[in-house]
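Please look at the sequence and structure first.

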Amino acid sequence: MIILTAVLDGNKDHHFYKEPGSSLTVACSFKSSGRKQLFCRGGCGEGNVLVQTDGDGAHRGRYSIEYDTGGVLYVTITQLTQSDSGWYQCKMDVKFWLDSYIDFIVSVTDGKFLLNKMSFILI
């Protein structure tokens with residue numbers, strides 16, 4: 001069973017605030033399917049790939065990726081820590097076409113900060 005935090009499409013700014021110890025699952029929705037799917041910390045350059053697949057899914061440590069042939073890539077980080085805060089990217093490697101990607105930011109912080117952040121937004 002997958003519990004989604006959000007469904008992302010396009011290259012808009014997406015920012016998630018999570019508490020330490022929680023998990024994050026994001027569905028990255030692409031208009032086309034690809035031959036290889038990647039989940040990266042920062043851009044998907046060399047050394048930044050957390051997990052990748054050219055099949056239905058894969059996992060490595062606390063990171064997992066599941067691919068639905070309809071063009072949706074589910075990426076998950078479990079047991080979040082503050083060091084997981086940062087920029088992430090879902091990428092669809094498309095043969096003979098421009099690769100597609102979706103960026104998002106994760107901030108892992110304690111609940112007190114989250115409450116203050118929410119209060120600030122509501123004022």
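The questions below concern a sheet and the disulfides.

The model is predicted, so local features need pLDDT of at least 70 and side-chain atom pairs count only at pLDDT 80 or more, while totals for chains, interfaces and linings use all residues. Residues are numbered from 1 along each chain as its sequence is written, and side-chain values use heavy atoms, without hydrogens and water.

User: Which strands stand at the edges of the open sheet of 5 strands?

Analyst: Strands are DSSP runs (E, at least two residues), numbered from the N terminus, and two of them pair if DSSP finds at least two bridges between them. The order in this open sheet is β2-β10-β9-β4-β5, with mixed pairing. Each edge strand has a single partner, so one side of it lacks a neighbour in the sheet; these strands are β2 (15–18) and β5 (49–53).

User: Which residue of β10 stands opposite Lys18?

Analyst: Strand β2 runs parallel to β10 (residues 100–108), and 4 bridges join them. Opposite Lys18 stands Val108.

User: Is the disulfide of Cys40 and Cys44 right-handed or left-handed?

Analyst: The sulfur atoms of Cys40 and Cys44 are 2.0 Å apart. The torsion about their S-S bond is about 105°, so the disulfide is right-handed.

Methods:
Disulfide = S-S within 2.5 Å.
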